[in-house]
Amino acid sequence: EGIDVSQWQGTIDWTLVAGAGKRFAFVRASAGSLTSDPNYAANRTGARRAGIAVGAYHYANPGSATNDATNEANWFLSHASLTSGDLVPALDLEVNNGLTTAALTTWVQTWLARVKSVSGVAPMIYTNPNFWQTQMGNTAWFAQNGYTVLWIAHWGVNAPTVPASNWGGRGWTFWQYSSTGTVAGISGNVDLDRY
């Protein structure tokens, strides 16, 4: 059991989070190419000190400007503290900002390839079934080309729907099953995840 957090959770008592049985946390490092999460460093440090495995994620704000995907990848890489032993970095893909399926697919490929080339690790993709099916054409290209780790968001169900032919036959790795969880050490709602 784990969680994912950003500045919206405020100050977190990570010792209490660990005591509540949470074993991993995805922490937002950046969004777009202009926003860094002001709580990233504190959340990363606090979680690690509490013995919680940590991974960084980037909230994608795809656009059609020249080099947009590369610029966002570089922004993420300059703000995320990726080190050996971390969870695989994640691209949070929830909006298309008017890009066509083909353009969005190319954008995602470019972002992932840039982060992989610098970090040496193929990032995971966070998405929800409807977005992937409607905005990404339900493509299985990523699952078939080395991006095998899927973090699927599907709330209020007994098991998530997994797009792209069950992610190329691999299924989900992480499942965000609630956006309204409560966890000791966090004020208000927090996303709940399962590995």
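This note sets out numbered points on the salt bridges, nonpolar cores, helices and strands of a predicted model.

1. Basis of the note. The model is predicted, with local features requiring pLDDT of at least 70, side-chain atom pairs counting only at pLDDT 80 or more, and totals for chains, interfaces and linings using all residues. Residues are numbered from 1 along each chain as its sequence is written, and side-chain values use heavy atoms, with hydrogens and water left out.

2. Salt bridges overall. Five salt bridges are found in a search of the whole structure. The term denotes a side-chain nitrogen of Lys or Arg within 4 Å of a carboxyl oxygen of Asp or Glu. Helices (H or I, at least four residues) and strands (E, at least two), used below to locate them, are DSSP runs numbered from the N terminus.

3. Glutamate 1 and arginine 194. These two residues form a salt bridge whose closest N and O atoms are 2.8 Å apart. Glutamate 1 belongs to the segment before strand E1 (2–5) and arginine 194 to strand E9 (residues 190–194), so the bridge ties together parts that are 193 residues apart in sequence. Glutamate 1 is partly exposed, at a relative accessible area of 34%, and arginine 194 is also partly exposed, at 30%. Here buried means under 20% relative accessible area, exposed over 50%, and partly exposed in between (1.4 Å probe, protein chains only).

4. Aspartate 86 and its two arginines. Aspartate 86 forms a salt bridge with arginine 44, with the closest N and O atoms 3.1 Å apart. Aspartate 86 lies in the loop between helix H3 (68–79) and strand E5 (90–92), and arginine 44 in helix H2 (residues 40–49), so this pair ties together parts that are 42 residues apart in sequence. Both aspartate 86 and arginine 44 are buried. Aspartate 86 also forms a salt bridge with arginine 48, where the closest N and O atoms are 2.9 Å apart. This second pair again links distant parts of the chain, from the loop between H3 and E5 to helix H2, 38 residues apart. The relative accessible area of aspartate 86 is 17%, whereas arginine 48 is partly exposed at 43%.

5. Helix H2. Tyr40, Asn43, Arg44, Gly46 and Ala47 are buried in H2. The buried residues of this helix pack against E1, helix H1 (14–19), E2, E4 and H3. Just after H2, glycine 51 has a positive phi of about 85°.

6. Helix H3. The 12 residues of H3 should span 16 Å at 1.5 Å a residue, and the end C-alpha atoms are 17 Å apart, which agrees. The expected span is 1.5 Å times one less than the number of residues. The buried residues in H3 are Asp68, Ala69, Glu72, Ala73, Phe76 and Leu77. An α-helix has 3.6 residues a turn, so residues three or four places apart point the same way. The buried residues of H3 pack against strand E2 (24–31), strand E4 (53–59) and H4.

7. Nonpolar cores. The largest nonpolar core has 48 residues, of which Ile3, Trp14, Val108, Trp111, Phe142 and Trp167 touch the most other members. Helix H4 (residues 101–119) gives the most to this core, with six residues. Another core, of 11 residues, lies apart from the largest one and includes Ala90, Met124, Tyr126 and Val149. A nonpolar core is a set of buried Ala, Val, Leu, Ile, Met, Phe, Trp, Tyr and Cys residues joined through side-chain atoms within 4.5 Å.

8. Tryptophan 111. Contact means heavy atoms within 4.5 Å. Leaving aside neighbours within four places in sequence, tryptophan 111 is in contact with His58, Ala69, Glu72, Ala73, Phe76, Ala90, Leu91 and Pro123.

9. Asparagine 61. This residue is found in the loop between E4 and H3 and is partly exposed, with a relative accessible area of 40%. Not counting residues up to four places away in sequence, asparagine 61 touches Gly32, Asp68, Glu72 and Asn97. Asparagine 61 and valine 95 are 34 residues apart in sequence, yet 6.9 Å apart in space, C-alpha to C-alpha.

10. Strand E9. Four of the five residues of E9 are buried, so this strand is largely enclosed by the rest of the structure. E9 runs antiparallel to E1, joined by three bridges, and aspartate 4 stands opposite aspartate 191 in E9. Strand E8 (residues 174–181) is likewise antiparallel to E9, joined by four bridges, with aspartate 193 in E9 as the bridge partner of glutamine 176. Two strands pair if DSSP finds at least two bridges between them.
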